[in-house]
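Dear colleague,

I am passing on the structure we spoke about, and my notes on it follow below. Please read them with the model open beside you.

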Amino acid sequence: SFGVVYGDLSTSPLYVYKSTFSGRLRLHEEDDEILGVLSLVFWTLTLIPLCKYIIFVLGADDNGEGFPEGGLIPAGGTFALYSLLCRRAKLGLLNASDASDDDISAYNSGLPRKETVASSILKEFFDKYHSSRIVLLLLVLLGTSMVIGDGILTPSMSVLSAVNGIRIKAPSLHENYTVFIAGVILVGLFALQHFGTRSVGYLFAPILLAWLFCISVIGVYNTIYWNPHVVSALSPYYVYNFFKKAGKDGWSSLGGIVLCITGAEAMFADLGHFSQLSIRIAFTVIVYPCLVLAYMGEAAYLSKHKEDLQKSFYKAIPEVVFWPVFIIATLATMVGSQAIISGTFSVICQCRALKCFPRVKVVHTSNHIHGQIYIPEVNWILMVLCLAVLVGYRDTDTIGNAYGLAVITVMLVTTCLMFLVIVMVWKRNILGALAFVIVFGSVELFYFSACLAKVHKGGWFPLVLSLILLSTMCIWHYGTQKKQAYELNNRVCLDMLLSMGTNLGINRVPGIGLIYSNVATGVPPMFAHFVTNFPAFHRILVFVTVQSLTVPKVPANQRFAISRIGPPEFCLFQCVVRYGYKDQRNDTHDFENHLIETVAEFLRNGDNDGEAFRWETTNQQQSSPSDDVTASSFENLVSSESSKKTVRFRGVGCSKELEDLREARESGLAYMMGSTCVLACDTSSYLKKFAINIVYGFLRQNCRHPAIALGVPHTSLIEVGMVYRV
């Protein structure tokens, strides 16, 4: 976790003092102001990362998931808090039509069920005012947008701050050269991402540990050598004294001081990559003490060298170790960038699974921890935007203004969501929740006001970026919901379709047809459109609906739900396949085998009197026979190893339906999906037409095709064109 989670937080000493004294505070370069800044940094580090995140927020991990090696892999980030509220308190708009979250047994224990007075009042408020749910979703998407903004600003800020150290030894060096070097480092960093979080973490962890060791030792040396009395600045009295003397200029400087907690949100966002215990121990035992010592030593040096405030970090390094520390600092900023890049991948993956982000390719880089992912498209877009920020701003002070606003906004969103989690999910006393908001929210609001005052000095960038991302996610979610609502409202009654069969002369061809749609009951309009134009379909039809639930993972024994459509002679089935937002989708061969076996087990169990059947499987990895399995080998696919489970058709005592299923599987399997064009109605407003016809249409055309996202083989795909007027 050192190499992934704490890089950003640990490299903040590079720029905190420089950014703090870059504005009007440079008019107050006295001991009281320097010690006041140190006191503010110490208490900010103590209150926000240590108390808020390590003690409280990491407990809201959206149900830690079991891991073969015994660790926990919880899902972190603002969407983790939102999914808890959606599932436990029913506050969400996402998947509102899917009540199936409740029967995921792995997520129905461990939390109190009895409603408190406060939780009942809040629940009644959200039920009464539907607009409050929309505001809540917008708040979550705002926090998510700011996290993605952090993924752009962090690498630029960190790497440029480190490379600027060259100019301490070469003052005549033009800034174009430092910008070029920083750009090369950033390109190399993003090129490493495809190796995966685990590989990158193992590579970067020793670098970060060396960095923490260097800054803590130098901090102790500077404190003893220059001014041991700076230890007294740990008293909160110096905070009071700082604002008393600096006044409004001291408040304005908070935009620089807040940079000392940049990366704290990564501890929560990266919970899908590492366990709570590793993150808590690493911060409390090593990261926090080392950072306090580093800031203390830098303040001790500055108290005797006030002329070096604009170059304080590198000036405070003893001459004999300057170049080794410079090299380690440059490498450590790459580590710092990695922390937020990993967090960005995590939150985008969660948004995508909950239909709030266009479909992108998600590569799982670990065979053991599904939370360790890599998103190629996002990776390269982040790289281009990082280089644009680097070349456009060139100045760490201006980037810092944008950076601070993005960071503190995410923290404010987390505080607001935690209030609802404490009251409505944990069912705790509302006084405790109010104390949480008052203590941490007031501090963050104080910093937020200072950062907001610097919008005209670079702080506009995260606001504009978050507005673009927020609009994109809202439009994608809105368009997807409208598309699903159209399919639900225009589904065809099975009796009507069957009554048309005699008039259309429908033929049944050999094989199995998987009809993908968002309609969990009835016949999707796409299939009815197909049959009326091409009156033939497969001997066995399975209508497949893929549901993304607001739980991290769906247990394997609750993945599939099978039910029959119509009388047995029609051979029509409905299959609901459920995934959590951190589930890895199976490959095509596995999916086909699992689905067919589910249907076979459903038939063997005598249809369960028409009730839905859930397929249970072992925890081990399942085998996947190839497509060209012969009839004789297909009947004998029962493995001798008890840990494996494959498609089985027993030749003795096999019913007529099982025999038909076997023959259909031998004949082949085809997938049918809709290739829909979603357009707004002619009577719609211009705003809706712009959102649906232009923005949503552009996103659908340029994101990953649904067949590719679901792993459907191109050679077995049938696409049905249709226009939806929503």
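Glu601 counts as buried at 14% relative accessibility, where buried means under 20% relative accessible area, exposed over 50% and partly exposed in between, calculated with a 1.4 Å probe on protein chains only. Glu601 forms a salt bridge with Arg604, the closest N and O atoms being 3.2 Å apart; the term stands for a side-chain nitrogen of Lys or Arg within 4 Å of a carboxyl oxygen of Asp or Glu. Because the two residues are three apart in helix α23 (residues 588-604), about one helical turn separates them, and Arg604 counts as partly exposed at 22%.

Before going further, please note that this is a predicted model, in which local features need pLDDT of at least 70 and side-chain atom pairs count only at pLDDT 80 or more, whereas totals for chains, interfaces and linings use all residues. Residues are numbered from 1 along each chain as its sequence is written, and side-chain values use heavy atoms, with hydrogens and water left out.

The protein chain has 726 residues, of which 58% count as buried, and it contains 27 helices and nine strands; these are DSSP runs numbered from the N terminus, with helices (H or I) of at least four residues and strands (E) of at least two.

A search of the whole structure finds 15 salt bridges. One of them pairs Arg564 with Glu657, with 3.1 Å between the closest N and O atoms, and this pair links distant parts of the chain, since Arg564 belongs to strand β5 (residues 560-565) and Glu657 to helix α25, 93 residues apart. Arg564 is buried, with a relative accessible area of 16%, while Glu657 is partly exposed at 22%.

Helix α25 itself (residues 656-667) has 12 residues and reaches 17 Å from its first C-alpha to its last, close to the 16 Å expected at 1.5 Å a residue, the expected span being 1.5 Å times one less than the number of residues. Its buried residues include Leu658, Leu661 and Arg662, and Arg662 is also linked with Glu659 and Glu666 in a network of salt bridges. After α25 comes Gly668, whose phi is positive, near 125°.

Finally, Thr20 in helix α2 (residues 16-20) is buried, with a relative accessible area of 2%. Leaving aside residues up to four places away in sequence, Thr20 touches Leu25, Val37, Ser253, Gly256 and Ile257, a contact being heavy atoms within 4.5 Å.
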